[in-house]
Amino acid sequence: MDRVCLGLHERYGDIVKVAGLMGRPDMVFVFDADLIEQVFRAEDALLPVRPSMPSLDAFKHGIRKDLFGDLAGVIAVHGPRWLEFRTRVQQVMLQPRTAKRYVGAIQDTAESFVTRIRKLRDSKGEVPADFVNEIHKWSLESIARVALDARLGCLDDAPPADTQALIDAVNTFFMNVGVLELKPPLWKIFPTPTWRAYIAALNDITTITSRYITRALEALQALGEDKKAELGNDASLLQRVLVGHDARTAHILAIDLFLVGIDTTSAALASALYQIARHPEEQETLHQEVARVLGRDGDVTAAALEDMPYLRAVLKEVLRMYPVVIGNGRTLTEDTVVAGYRIPKGTQIIFQHYVASNQERYFPAAGSFRPSRWLREESPQCPVHPFASLPFGYGRRMCIGRRFAELELHTVVAKMVQNFRLEFNHPPLPYRVHPMYMPHGPLKLTFHAR
């Protein structure tokens, strides 16, 4: 898909129409940051609508209407129902000061991952070919600590059986959703094998996560109303949402966080570790910063993260060159003129962030991994355009878990570089969309103890 989009841009320019897809509306691909900004700002002033996911909507509000009822959640829904739910939960999710309260829990999970890697390494320090699955376990454990204030034991030597079952179900969900959404929707006519596997995965995700969520809710309910309202720094997101909202709202938010938070954050970390390993000079600069702030064995704190600009720059550069989601979009809610073309209401506008953020006109030497471009003292004008790199989206439909994803990634990368020198001693891995954009192949990194 990345190469297809690059080809469309090279052949046709900054705006490309793709029409005549069976069972799908026309799509317009936009590769220019000015045009991306125009559409984003115009649609955000209204009630922004993402291209729909009929398959997930059919599950939530058809097959499992018993659980979701009229509550939309934050994924694959639009309009007033989405806005109502998002408004309920966004104050808890998007305030930076809320995310910072979880540094301790995220630090504990990162430490557990460091310990896990020490055990996984062979005599040369190399981890097994299935290391990405271990990253999935770290991501799942991190989400549970934040959302439920629960330790699932994902990084233990003998993790619960539910752990791998949930990871497998999330992988199956993401591998099949693209087929169901982009190919002719035969599943609407009869239950195709892809549809059956997809629904089975969603049922597993819902069942397993609901089991943990229910336990957390029961523990909170047992505290009584006075105790539930006492929000200490270690209160879970579930507890914070429960103050002022009902249990179903908290339950559905937690399901959505598990559904989309595992693979996305895992892909970002896999890409970050791979790029750090392949760029020893940048890795050494990062290590010097981490050593200055944390020392040899110091803990990550909110203050420490604020004092590590190069760490933040490394993650920005990884997500510029290799955004986990290479594009997102809007379904136009009214007729719109873009680049002189009149585009009718209902057309899907696809913002191709991967192509935009790898263009020389926005990022000189765009094909080079240069975290320093994000440091003000090095490049005061970076980014050249604020809409040239948007790995978390924009506006009212920006990724609702952004603050927590950044916290998790910054913390775990800091702990990795504090404890290890990373290498990748194999031929370079290509990047593929499956379905997140990440290195394709065995991620057999070498972790040398520092």
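Cys399 touches Leu94 and Phe392, leaving aside residues up to four places away in sequence. In this predicted model, Cys399 sits in the loop that links α17 (353-356) and α18 (402-419). The unreviewed UniProt entry places a "binding site" annotation on Cys399.

**Cys399**
- The relative accessible area of Cys399 is 30%, so the residue is classed as partly exposed, a class that lies between the cut-offs of 20% and 50%.
- The "binding site" label comes from the UniProt record, and such annotations may be inferred rather than shown by experiment.

**Thr301**
- Thr301 belongs to the loop between α14 (280-294) and α15 (302-306).
- Thr301 has a relative accessibility of 38% and therefore counts as partly exposed.
- Between the C-alpha atoms of Thr301 and His61 the separation is 41 Å; along the chain these two residues are 240 residues apart.

**The four-stranded sheet**
- Four strands form an open sheet in the order β1-β2-β6-β3, and their pairing is mixed.
- At the edges are β1 (15-18) and β3 (328-331), each of which pairs on one side only.
- From one strand to the next, the twist averages 25°.
- Strands of a sheet pair through backbone hydrogen bonds, in either a parallel or an antiparallel arrangement.
- Strands β2 (residues 27-30) and β6 (residues 348-351) run parallel and are joined by four bridges.
- Val30 has Phe351 in β6 as its bridge partner.

**The protein chain as a whole**
- The protein chain contains 18 helices and ten strands.
- For 450 residues, a compact globule would have a radius of gyration near 22 Å, and the protein chain agrees with this because its own value is 22 Å.
- Taken along the principal axes, the box filled by the C-alpha atoms is roughly 60 × 55 × 40 Å.
- Of the 450 residues in the protein chain, 54% are buried, meaning that their relative accessible area is under 20%.
- The accessible surface of the protein chain is about 19200 Å², and carbon and sulfur atoms account for 53% of that surface.
- When contacts in the protein chain between residues at least 6 apart in sequence are considered, 71% join residues at least 24 apart.

Conventions. Residues are numbered from 1 along each chain as its sequence is written. This is a predicted model: local features need pLDDT of at least 70, side-chain atom pairs count only at pLDDT 80 or more; totals for chains, interfaces and linings use all residues. Side-chain values use heavy atoms; hydrogens and water are left out. Two strands pair if DSSP finds at least two bridges between them. Helices (H or I, at least four residues) and strands (E, at least two) are DSSP runs, numbered from the N terminus. Axes are lines fitted to C-alpha atoms, for helices over the stretch in contact, and angles run from 0 to 180 degrees between N-to-C directions. Buried means under 20% relative accessible area, exposed over 50%, partly exposed in between (1.4 Å probe, protein chains only). Contact means heavy atoms within 4.5 Å. The radius of gyration is taken over C-alpha atoms; the globule rule is 2.2 Å times the number of residues to the power 0.38. Accessible areas come from the Shrake-Rupley method with a 1.4 Å probe; for residues, only the protein chains shown count as cover.
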